[in-house]
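User: I'm new to this one and would like a walk through it. Can we take it piece by piece?

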Amino acid sequence: MIVMRQTYQRRPLFVILLCSFLICTLWVFTGQERPAWRPVADPERYHSRRVAKATMLYGKPNPLYERAIDSHGRHARRWGYPMHVLRQDISVGFWNKPIYLASLMIQEMAKPPAERVEWLMWVDADTILINAAVPLEAFLPPYDISEDVHLVATRDHNGLNTGIMFLHVHPWTIKFLIEALGHPLYKPDVDLDHSVDLDHSIDQEAMARVLSNSNGGFNGTSYAEGAMFLPRTWINAYEWRHAYEGTRGNILVHFPGLGDQRWVHMSNWLDVVELSPHSWEMPFEETEYYNGTVAFWDRIREAKETIRIAEHRFNRLSTVKGKAPMEAAVRELKKVLQQEADDTELLIQRLQDLKSVMDLS
Ligand SMILES: [Mn+2]
């Protein structure tokens, strides 16, 4: 009798355990079949708390910059992104940007985790948002590989361009920004203003230098490990003197290095975007981003996974044949991931090289 009662009492527990097991199994399997993470392209259903936008404009009134910031404001409202605009001169010239970013980062980190945004997107005031149908989440790393990605940016012939960049709300970023800010203090002999480029900014140069230091960094493994370069025209397409380098569907236009020409170019673009917003707007699903960004992060995931397997293999067997070539191939692939992930062909080539070496070992 006692035995029977115990069995009865245990039955609900058994049913609960069985149900949990089935739900978990279902979750794991549906999870595997699900395509790579992609945002829901419908602002009505999708109010993200993942990203906030940030920019700055102070000093002498400039109606063109105001209108440019308004274009970002419309996009932010459409998708529910908070937007921060620095309106006061709080530092010296170019240093306003990293100081403001550091303050925003610290403010986010000071909130309980559930109330923080996960990323800040910096946009220069000399950029105009032209396709508001594009959600920013598309450019961010999927959750399963986002833990060690802290800066998503672009580079041009001068190297890192900080006009547009995504910064992870994370202690990594606070340390990175503070190191860049501290550059003039702890490396006073370094000339940050060496470039002949008119648009060259010393804060950008400081960030680039911190990023390229092979030692130091958040975990002592250099900051480059936490950075990822997207194909530049995706998020940072330039207006040249003769033409726009982007195509219809691209999210924005940036106006670097135009000198006095900047104002007429900006004015023309603002007129188009304000008077006929649909001329440059294209549904997210029809843009190159829709599949392109997923393919980009899929490649990064595959590269990281392959490196992990290779390292596991050569760490376990110290005498494995072909250890040195495998280590070299891992080193080359890591270099591309950290410095040239925007070069699709090169990344695919280096990944293939590593796989070939692994097959041989
Ligand atoms: Mn700029």
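User: Where is glutamine 349?
Analyst: Glutamine 349 sits in helix α10, residues 344–360. Helices here are DSSP runs of H or I of at least four residues, strands are E runs of at least two, and both are numbered from the N terminus. This is a predicted model, in which local features need pLDDT of at least 70 and side-chain atom pairs count only at pLDDT 80 or more, while totals for chains, interfaces and linings use all residues. Residues are numbered from 1 along each chain as its sequence is written.

User: Why does glutamine 349 count as partly exposed?
Analyst: Because 14 other C-beta atoms lie within 10 Å of glutamine 349. A residue is buried with 20 or more other C-beta atoms within 10 Å of its own, exposed with 12 or fewer, and partly exposed in between, with C-beta atoms placed from the backbone.

User: How far is it from leucine 333 in space?
Analyst: The C-alpha atoms of glutamine 349 and leucine 333 are 8.9 Å apart, and the two are 16 residues apart in sequence.

User: Switching to confidence. What does the pLDDT average?
Analyst: The average is 87, and 83% of the residues score at least 70. pLDDT is the predictor's confidence in each residue, from 0 to 100. Over residues 28–37 it is below 50, and that stretch has six contacts in the model beyond near neighbours in sequence. Two residues are in contact if their C-beta atoms, placed from the backbone, lie within 7 Å. Where pLDDT is low, the predicted coordinates should not be read in detail.

User: Now strands. Is β6 mostly covered or uncovered?
Analyst: Mostly covered: nine of the ten residues in β6, which spans 159–168, are buried.

User: Which strands run antiparallel to it?
Analyst: β3 is joined to β6 by five bridges in the antiparallel sense, and β5 (residues 151–156) is also joined to β6 by five antiparallel bridges. Strands pair if DSSP finds at least two bridges between them. Valine 123 stands opposite isoleucine 164 in β6, and aspartate 156 has glycine 159 of β6 as its bridge partner.

User: How many residues does the hairpin from β5 to β6 go through?
Analyst: Two residues make the link in that hairpin.

User: And where does helix α4 bend?
Analyst: Helix α4 (residues 171–186) bends by about 30° at alanine 180, and proline 184 follows within four residues. The bend is the angle between axes fitted to the seven residues ending at a residue and the seven starting there.

User: Which α4 residues are buried, and what covers them?
Analyst: Among them are Trp172, Phe176, Leu177 and Ala180. The cover includes α3, β6 and α5 (202–212).

User: Which residues touch the most others in the largest nonpolar core?
Analyst: Leu120 and Val152, out of 80 residues in that core. Domain 1 (43–191 + 200–286) and domain 2 (289–360) both give residues to this core, so it lies between them. A nonpolar core is a set of buried Ala, Val, Leu, Ile, Met, Phe, Trp, Tyr and Cys residues joined through C-beta atoms within 7 Å, and the domain bounds come from an automatic or database assignment.

User: What does leucine 120 touch?
Analyst: Not counting residues up to four places away in sequence, leucine 120 touches residues including Ala52, Leu101, Met105 and Val169.

User: Last one: where is arginine 116?
Analyst: Arginine 116 lies in the loop between α3 (96–109) and β3 (119–123). Leaving aside neighbours within four places in sequence, arginine 116 is in contact with Glu108, Lys111 and Val169.
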